[in-house]
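Please walk through this model one chain at a time.

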Amino acid sequence: MRRSLHNLMLIGICSLCLSLVGIGTAAYWNFLRYSDRARWVEHTYKVIDVSENLLSNLKDAETGQRGYLLTLTPEYLEPFYQSQPSIRRAIGQLKQLTQDNPAQQRSIERLELLISQKLQELDQTTQLAKQQQSQAALAIVRQNQGKAWMDQIRQVIDTVEQRERLLLTQRITLKQLAVTQITLMLSFAALAIFLLMALLALLYKSLTAHQRAQAQTLEETIRSRKTLANVLESIGDGFFSLDENWNFVYLNRKAGETFGRSPETFIGKNIWQELPEAVGRPFYRAFHRAMEEQRSIQIEEYYSPWDKWLECRIYPSARGLAIFFQDATERRQAAFAIQESERKFRAVFNYTFEYITLLTPDGIVLEMNYGPLDFMQVNYETVQGKPFWELSLWGNSPAVQKRIEAAVAEAAQGQFIRYDMPGLKNYWGDPRSFDFSLKPIFEDDATVIYLVAEGRDITDTKEAHAELTLHREHLETLVKQRTTELMEANAQLQQELVERQRAEAALAQSEKQYRTLTENSVDLIIRHDRALNFLYVNSALEVMTGIPVKDWSGKNLNDMGFPSEIAQQIADACKGVFETGEVGRLEHKAPSLDGWLTYQSWIAPEFDDYHNVESVLISARNVTALKEREAAIQEADRRWRYLLDNVRLVVVGLNQRGAVDYVNPFCLELTGYSADEVMGKPWFETFLPPAQQQAVRAVFQELIDQEFHPHYQNAIVTKQGKERIIAWNNTQLRNAQGEVTGSMSIGEDITERFALERMKAEFISVVSHELRTPITSIQGALNLLAEGIVPVESSRGHEVLTIAADGADRLVTIVNDILDLERLQSGKVTLAIAPCQAADLMVQASNLMQILADQAEITLTTTPHPYALMGDGDRLIQVMTNLLNNAIKFSAKGSTVWLGVEQDAALNVLRFWVKDQGRGIPTEQLERIFERFHQVNTSDSRQKGGTGLGLPICRSIIQQHGGTIWAESELGQGSCFYFTVPLKSI
Amino acid sequence: MKRILVIDDEDGIRNLIRFSLEALTEWEVMTAASGLEGLAIAQDQPPDAILLDVMMPDLDGIATLTQLKLNLSLQHIPTILLTAKATDESEELLSLGVAGIIVKPFKAQALVNQIKQYLSWED
């Protein structure tokens, strides 16, 4: 609305501006025209002026001529001469001025001709006069030619002037018109400017108003947002909003508290990155559904990372989600507790001795406890929803039914109805009497919302009463009959007395029967009055305490010697029931003859007719055994847990989906994870090498489904990325209902054992190869010869024999090496220790190797020093030759091998070294090359002809000397083998 | 006439196999002292069968076998592995798609018989 008005104004302003420009242009153009016209008017005036001047000059010239002719006085000649140039100038001017007008031009030309003739005549006459021929001159004048010219001149000038005046009139009119137009345009312009100003003023006003309104709106928005934020901050619900990319836009204080961080730290962050444990949970799915389907969702779910029930209301918008959430744990628990209490209360209701039925005011059965159901031998479903008076309880007597219906109607009016109901027959046909009552239950003390029908089986009491009454009546009759016979025998009276005693006994008997059920209950049944004195206790209490039942009446717990703490506990619970009128529950200890027992007590209120709690009925059950069993279970659980926590075996419990439910500390220690990083995570995806995941998962599924694979072996990956091999014992986990809930696996880390076994297998394989290869040569060769396949005498036979011999040589070398090494390592070889010179040994060794070095075209450089040492010279030479042999074998042609020695005074050893420029040894192999049959490259043995036992033998020899041997190397640069021999005093 | 290629780095054993086969059969025997050489010969003159030693320097028997199986023109050639390793590894080797395994040491006639049996070659 406002916008369109603005647009209208803007259009007005624009068009006004445009017309102003138009008017301006027109005015300017008009002004140009006006000045043009004004110039023309001036121009016309000038033409008239000039032509008049011309005429007057001509007159002056003529006058001068006349005067001179008449007087011959030269003074007259002066004006005559003076006027002549003015005339010529005037004609020139006229010519120029009338250039635009061809008619005038023509007149001017004619004028010029006339003037020149006139001037000629004047000049002629004047000359004649000067020459003293005045008469001749006058004669010429008299011819009147000059006058005729003059007249014509006047006529022409007149015409010119007239024309000009006509033009002047026209031009002045035009000039006036231009003035009028300019005036008009200026008026228009003034009007337009005025309008423009007015519009601008309006626009300004309107814009200011708009701006003010906008500012106001902004302020209101800010204020309302502030208010909203205040509300969101103060509400008990957690609130946060997310944008469409799941980033937090806003969180209130409560949400921050729940997430455990200040709300600011979440803003702009992605919810699933901040709360990764929520991913994949019902909330996650609900959020996504709300976002995708753009509908609000309410969800209440258990969120295990916080051990909480959360109620979540998710409201989507085009730009994200708004989420209110509430900790529903307590409500859940409360609801559960109420449910539990309802269940218990229902149990009390169902099993109470009284017959209780809950009815609508119309008499329809809502609830019925077991008493009447048992009486009728029907189940609850058959009575539910039926009118109370139609139940088989009342027999099939229409009279009784009518009476009950009437009673219900009366009770529905608010009456408390109570009467005896004799002669009701139960399912088995036994007649029973009831103390029947119908109690209306009020809401707000006015409306009856329920009726409670109660029946108490008083058959036994009734019978006793009837008997008693009968006896009394009988007695009275007797008394009446025998009043007059007062004096009858004393024996008669005695008899009556006995009979009365018997009747009273009968009554007592029946009351006892009535109480039997209660009395014989194993549960303690106690009734307290408001002062918490005992009104009634059953015999169970006597059994428990050894105090006879009769001694309890009128006493309180303290009187009976209960420890004051427990007495207080029970008293508090009872007071609660008295105050609230609701059933109370208590678990407490109590002393008994058998020591301390644990009781679970239900404290039920008993109301008087005015709905006041008159007394409470406590029914206490001995749960000591139950408690002990619970404790035993807890103890067993603790023991198991202790075992699992401390055992050096990996224990992992998985749920059905394969997520971790339990891991023991050893598992965490082995994998390097913390419990938080492990619990609830998918086991197979997190802990298994990717290549094995699928297979092991399948095994797990079979374990869950069919209880297969009790033993299994697989690798797991630690946090550091190392693989450990675990041998598992797997078992299904079942719940109390026997359903499979997951698996429990106990595993042994067999990584080292596994590696050892593999090493052993490799070793055997290598040895096998080393021994079998020469044997193959020997056996194959000999077989060819022996079988005559290749004739011995042939050249091929000779070749075959050489193969066998080479094989045999190689076998001998290997066997010797093995035996040598074994003897060295088992200590069966004793070194021949003697004083020797390092230099001698080095020279001997290098001499032995010189031929080989020459063959390989390798320079062998030995720098001997005459150090004295104690050692087995031959063995040390063996070590040096072995090392030199290796160095030569692994060196390229033209390179150098060095043998050197130095004394290390600090360690008191001689250190020998053999250095080459060969290909070098990888760092991780530097130690392993001293193992038996180990070669850097498994193929080296055949290529280089070694047995794989040289270095182990060297190590043995040096160790026997008490020295050490090791290698240092740089790949591609060469290796250096060192060994030390201790310097001993010689 | 069948043509068989023997690849073994041990000169003695390679020669013994050649002698045995040449003496006991009509087959044409080609020999190679390394996996690389063997592959080159096989490519050049495709044999009807290959006897391949497992433990060799550089390109060992398993690597050579892999190369053979990756080569479209050679992958169909039946290959018998020769090994001096412990016998309990032979099952693992059999799974590599070889015609058979012959364990060293061996006698000439038995070698020939075994080759014939593995390749179903008649005399």
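Chain B contains 5 helices and 5 strands; helices (H or I, at least four residues) and strands (E, at least two) are DSSP runs, numbered from the N terminus. Along the sequence they follow the pattern β-α-β-α-β-α-β-α-β-α. This is a predicted model, in which local features need pLDDT of at least 70 and side-chain atom pairs count only at pLDDT 80 or more, while totals for chains, interfaces and linings use all residues. Residues are numbered from 1 along each chain as its sequence is written, chains are lettered from A and ligands numbered from 1 in the order in which they are written, and side-chain values use heavy atoms, with hydrogens and water left out.

Of the 123 residues of chain B, 53% count as buried, where buried means under 20% relative accessible area, exposed over 50%, and partly exposed in between (1.4 Å probe, protein chains only). Chain B exposes about 5500 Å², and carbon and sulfur atoms supply 47% of that area; accessible areas come from the Shrake-Rupley method with a 1.4 Å probe, and for residues only the protein chains shown count as cover. Among contacts (heavy atoms within 4.5 Å) in chain B between residues at least 6 apart in sequence, 61% join residues at least 24 apart.

Helix α1 of chain B, residues 11-24, has 14 residues. From its first C-alpha to its last it reaches 20 Å, close to the 20 Å expected at 1.5 Å a residue; the expected span is 1.5 Å times one less than the number of residues. Buried residues in α1(B) include B:I13, B:L16, B:I17 and B:F19.

In chain A, an open sheet of 5 strands has the order β22-β24-β25-β27-β26, with mixed pairing. Two strands pair if DSSP finds at least two bridges between them. The edge strands, each pairing on one side only, are β22 (859-862) and β26 (965-970) of chain A. From one strand to the next the twist averages 15°. Strands β25 (residues 909-915) and β27 (residues 974-982) of chain A run antiparallel and are joined by 7 bridges; A:F912 has A:F979 in β27(A) as its bridge partner.

Helix α24 (residues 838-855) of chain A packs on this sheet, touching β22, β24 (896-904) and β25 of chain A, and its direction makes about 175° with that of β22(A). Helix α25 (residues 873-889) of chain A also packs on the sheet, touching β22, β24, β25, β26 and β27 of chain A; its direction makes about 175° with that of β27(A). Axes are lines fitted to C-alpha atoms, for helices over the stretch in contact, and angles run from 0 to 180 degrees between N-to-C directions.

Which residues have the most contacts inside the largest nonpolar core? They are A:M880, A:F912 and A:F979, in a core of 46 residues. A nonpolar core is a set of buried Ala, Val, Leu, Ile, Met, Phe, Trp, Tyr and Cys residues joined through side-chain atoms within 4.5 Å. The largest share of this core, 8 residues, comes from α25(A). Leaving aside neighbours within four places in sequence, A:F912 is in contact with residues including A:M842, A:L869, A:M880 and A:F979.

Elsewhere in chain A, A:V616 is found in strand β15 (residues 613-622). A:V616 is buried, with a relative accessible area of 0%. A:V577 is 39 residues from A:V616 in sequence and 7.5 Å from it in space, C-alpha to C-alpha.
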